[in-house]
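Biologist: Could you open the model and talk me through it?

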Amino acid sequence: MQLNNLKSTPGARQEKHRVGRGHAAGKGKQAGRGQSGQTKRSTVRLGFEGGQLPLFRRIPKRGFTNVNHVEYQVVNLKNLEKSYKDNEVVSYESLFEKGLIKRPLPVKILGNGKLTKKLNVEVFSLSKSARKAIESVGGKIEVK
């Protein structure tokens, strides 16, 4: 067997149906779109309901999107306790290497769990309880 001898099995590949190429081609004149009218044209706008007020305009608008909202990846103190040794640096890169974070978003450390190890923390944000717990053990905090 050689690469130049390979062929797909019969019936595995089907030719594309070319519409609008005359009667002899099998899909001539109206090209399978029925009679003239709106459905024969190329597209109808998304959400168009034949002139009736569309659903997205009938339903009331609610709320707003805060443009200043920052989405954080959350890491708890109990995760730091499990993953880090004494006097290690907790940074974005080290959290990523240890699998504690997955996405490229800023990291926030929360105070869920107990911390007994002295850590040097370099992250985007901390909660008050996490800050208190890290400082009470003797760790250093650097907010970027």
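Modeller: What follows is a short walk through a predicted model, taking the core, a helix and the charged pairs in turn.

Biologist: Which residues have the most contacts inside the largest nonpolar core?

Modeller: That core has 17 residues, and those with the most contacts inside it are Leu 77, Leu 80, Val 90, Leu 95, Ile 109 and Val 121. The elements that each give two or more residues to the core are α2, β3, β4 and α4, and the largest share, three residues, comes from α4.

Biologist: And what is Val 90 in contact with, leaving aside its neighbours within four places in sequence?

Modeller: Beyond those neighbours, the contacts of Val 90 include Leu 80, Leu 95, Ile 109 and Val 121, together with Tyr 84 and Asn 120.

Biologist: Back to α4, then: which of its residues are buried?

Modeller: In α4, which covers residues 128-137, the buried ones are Ala 130, Ala 133 and Ile 134. Seen down the helix axis, the buried residues of α4 fall within an arc of 95 degrees, so they line one face of the helix. An α-helix has 3.6 residues a turn, so residues three or four places apart point the same way.

Biologist: What covers that buried side, and what sits on the face turned away from it?

Modeller: The cover over the buried residues of α4 includes α2 (77-83) and the strands β3, β4, β5 and β6, while the face turned away carries the exposed residues Lys 128, Lys 132 and Ser 136. Just after the helix, Gly 138 takes a positive phi of about 105 degrees.

Biologist: Since β5 came up, is Ser 125 in that strand buried or exposed?

Modeller: Ser 125, which is found in β5, is buried, with a relative accessible area of 13%. Leaving aside neighbours within four places in sequence, Ser 125 is in contact with Tyr 72, Val 107, Lys 108 and Ile 109.

Biologist: Changing topic, how many salt bridges are there?

Modeller: The count comes to three. Glu 49 pairs with Arg 58, with their closest N and O atoms 2.8 Å apart, and Lys 98 meets Glu 88 at 3.8 Å, N to O. The remaining pair is Arg 103 with Glu 71, at 3.5 Å from N to O.

Biologist: Why say that Arg 103 and Glu 71 tie parts of the chain together?

Modeller: Arg 103 lies in the loop between α3 and β3 and Glu 71 in the loop between α1 and β1, so the pair ties together parts that are 32 residues apart in sequence. Arg 103 is partly exposed at 42% relative accessibility, and Glu 71 is also partly exposed, at 43%.

Key. Residues numbered from 1 in each chain as written. Predicted model: local features only at pLDDT ≥ 70, side-chain atom pairs only at ≥ 80, totals over all residues. Heavy atoms only, no water. Buried < 20%, exposed > 50% of the residue type's maximum accessible area, 1.4 Å probe, protein only. Helix = DSSP H or I, 4+ residues; strand = E, 2+ residues; numbered from the N terminus. Arc of directions from axis to C-beta. Contact = heavy atoms within 4.5 Å. Core = buried A, V, L, I, M, F, W, Y, C linked by side-chain atoms within 4.5 Å. Salt bridge = Lys/Arg side-chain N within 4 Å of Asp/Glu carboxyl O.
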